[in-house]
Amino acid sequence: MTEVVAALIWEGEKFMICQRPAHKARGLLWEFVGGKVEPGETRQEALIRECREELAVTVAVGEVFLEVTHTYPDLTVHLTLFHASIARGVPQKLEHNDIRWITVEEIPQYDFCPADKEILERLGRGEGTP
């Protein structure tokens, strides 16, 4: 099983989503910023590193919002979604095809990675909002 971390970053009434690059698995689907936990890293350290690598920002990692296990055809992920905020920097598209800030009501307009389904359902019920 692959340990993966991601960030739920709010800016007012909107939260950040990122579109995967076309050449990667699940290309052009939307997701929360994050990535794999490397050996020797805590989940929080991995999230800070991934946000720096993918967005050129420093994040402050908060509480866990939700943990999900999802099996794709090519791998099984254990995803931990943390509440996080941008401490320094302005998000840049270093790895993603696009970055958007959306409201909960706009979720149905985007095709997300299947592992995010339960997270999006909880957000749609008003859980995890600031």
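This is a predicted model: local features need pLDDT of at least 70, side-chain atom pairs count only at pLDDT 80 or more; totals for chains, interfaces and linings use all residues.

Guide: Rings of Phe, Tyr and Trp (its six-membered ring) pair if their centres lie within 6.5 Å, and planes under 30 degrees apart count as stacked, over 60 as edge-to-face and the rest as tilted. By that rule, a search of the whole structure finds four aromatic pairs. Residues are numbered from 1 along each chain as its sequence is written, and side-chain values use heavy atoms, with hydrogens and water left out.

Visitor: Are Trp-30 and Tyr-110 buried or exposed?

Guide: Buried means under 20% relative accessible area, exposed over 50%, and partly exposed in between (1.4 Å probe, protein chains only). Both Trp-30 and Tyr-110 are buried. Thr-71, by contrast, counts as exposed because its relative accessibility is 55%.

Visitor: Which side chain does Thr-71 contact?

Guide: A polar contact is a pair of N or O atoms within 3.5 Å; within protein, one must be able to donate a hydrogen and the other to accept it, and residues adjacent in sequence count only if both atoms are side-chain atoms. Here the side chains of Thr-71 and Thr-76 are joined by such a contact of 3.2 Å.

Visitor: Which residues form the aromatic cluster?

Guide: One cluster is formed by Trp-10, Phe-15, Phe-32 and Phe-112.
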